[in-house]
Amino acid sequence: MQSELSQAIKMLVQERGIPEDLVMSTIENFLLAAYKKKYGVVDNAVVRFSDDMMEVTLFAKKKIVPDDDLDDPVYEIPLSEALEMNEECEVGDELLIEINPKEFDRVSVQSAKQKARQSLREIQKDTLYSEYKDKVGEMIIGYYQRERNGNIYVDLGKTEGILPKKYQSPREIYHPNDRIKALIYEVVKTPTGLQIVLSRNHAEFVKKIFELEVPEIYDKTIEITKIVREPGYRTKIAVRSTREDVDPVGACVGLKGVRIQAVVRELEGEKIDILRYSLDSRSFIKNALSPAEVNQVVILDESKKLALAIVPDASFSLAIGKQGLNVRLANRLTDWNIDVKTESQFSEMDISAEAKRAVSALFGEPEEEIQKISELPGITPRLVEILNKDKIEDIESLVALAPEQLAALEGITAEDIETLHKIIEENVEIVEEEPGTAEADAAATETAEAAAPPGPAADSPLAAILPDTPVAEPEAAAAPAAAPVETPVEAVVEEEAYECPECGTAVTPDMATCPNCGVGLTFEESAEE
């Protein structure tokens with residue numbers, strides 16, 4: 001019994017993974033159950049194991065009573081029988097009497113055995129559950145054992161896992177004794193035992209494979225921000241690096257593609273797109289549509305996450321993918337609703353002027369400046385004709401009109417004026433001049449006129465009659481407004497010498513530009529002065 005017991009304990013510990021203390025407790029309960037089945041009680045039964053756990057003994061604790069005072073043979077033993085076992089015992093002492101398990105009847109043994117088996121199953125189930133419940137989401141390796149209704153049962157060593165058909169990749173085919181690497185997807189307790197559900201078609205499975213093949217992902221140098229997958233066909237992975245000196249895409253691909261090839265082999269040839277994650281939505285969408293070339297991305301609605309990707313005609317089918325697979329995965333990866341159009345399709349689309357201006361400004365394609373009123377979007381031919389009658393053809397002239405001047409035009413209505421204001425607000429950017437610029441130009445012109453020497457004008461009749469006689473201008477005597485400004489005679493004489501080098505117009509030292517031709521002016525004093 002000693003060798004048989006030790007072998008049974010070792011088998012339960014090693015093969016079923018049951019802890020040794022639980023095995024001892026089960027054996028103890030088995031003997032107590034058999035004792036109770038035979039004697040009806042169990043409170044005086046004692047089970048003891050040897051120090052090396054190689055032997056177990058069942059005892060019955062009985063009290064020593066006089067020979068003529070025996071009432072209950074289960075709890076008491078007469079003194080005469082006790083002296084045969086131990087010569088030093090006395091009445092009132094308690095004696096442990098060894099019980100031979102072979103003396104139990106068949107019914108008692110079968111009942112105890114059934115209870116022990118049930119107890120061992122529960123212990124094994126709880127032990128495996130506590131071991132595997134913490135491994136959910138981790139990778140495990142097993143071997144193909146059998147197949148039933150499309151579900152594959154995998155030998156995991158201590159227990160058995162199931163790979164359901166819905167969690168298998170459609171590209172993969174398995175054979176008996178094949179080595180299967182899978183993800184522990186779920187651990188469930190069932191009445192029949194523990195069920196460990198495996199998976200090979202979840203996106204997390206691909207992530208775990210990359211952690212095995214790419215050390216930078218395992219040590220968090222490279223982070224997988226998101227991964228989407230169509231099992232058996234294509235997977236898209238967005239990665240970013242926590243260090244500037246590490247290229248996330250290059251690290252995942254590996255030298256000469258050795259790392260990505262190992263992942264592709266494990267997935268039985270499934271296509272994998274590794275792209276760089278970006279906080280900029282346009283860049284991220286552009287990367288997500290790889291391997292297709294994307295010219296530009298237009299955000300149609302930020303709140304509804306609607307975007308438009310413009311691709312060359314040659315890349316249109318590649319951007320869409322087979323049965324829309326590529327763009328569908330890009331939608332899931334970026335959380336945007338992406339519409340793919342070619343350049344010709346985009347040019348035919350009816351997009352608002354604001355959106356087109358935003359696109360042009362974003363991609364460095366400035367709009368051509370509109371000069372003519374007829375080029376304004378939304379203006380009717382009738383309004384153009386009304387304005388042309390009054391020689392108003394360019395936008396600048398229209399903007400310069402005062403409200404009363406605009407209302408005085410022939411054939412224009414209040415509704416037309418409101419329409420014009422609305423069109424100008426939406427399409428024309430009015431840049432106001434800096435304060436003081438116009439006043440400075442007017443003052444410069446007035447000063448130049450004042451600085452001219454008094455005399456007859458060149459086209460005056462008096463100049464022809466008396467060419468050498470200075471003739472005062474009539475306005476000079478009758479213009480009291482000029483009286484407050486007193487200019488010294490010496491200053492007037494000095495200012496006669498300053499002329500524009502380009503057009504010859506008289507200028508003054510306080511002018512920065514010529515009032516006639518607009519050339520820049522600088523004044524320097526000569527060394528002689």
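I count two strands as paired if DSSP finds at least two bridges between them. Helices (H or I, at least four residues) and strands (E, at least two) are DSSP runs, numbered from the N terminus. The model is predicted, so I note that local features need pLDDT of at least 70, side-chain atom pairs count only at pLDDT 80 or more, and totals for chains, interfaces and linings use all residues. Residues are numbered from 1 along each chain as its sequence is written.

Barrel entry. I looked up β7 (residues 160-163) and β9 (residues 193-199), and they pair in the parallel sense over 2 bridges. Gly161 has Ile196 of β9 as its bridge partner. Both strands sit in a closed barrel of 5 strands, β5-β6-β7-β9-β8, with mixed pairing.

Helix entry. I found α5 (residues 203-213) packed with α8 (residues 258-266) at about 140°, the axes 10 Å apart; axes are lines fitted to C-alpha atoms, for helices over the stretch in contact, and angles run from 0 to 180 degrees between N-to-C directions. The contact (heavy atoms within 4.5 Å) involves Phe205, Ile209, Phe210 and Glu213 of α5 and Arg259, Ile260, Ala262, Val263 and Glu266 of α8. I also see α5 lying across β5 (139-148), β8 (179-190) and β9, at about 130° to β8.

Hairpin entry. My last stop was β13 (residues 296-301) and β14 (residues 306-311), antiparallel and joined by 5 bridges. They form a hairpin with 4 residues between them, and Lys305 in the turn has a positive phi of about 55°. Gln296 is bridged to Ile310 of β14.

Note on methods:
Side-chain values use heavy atoms; hydrogens and water are left out.
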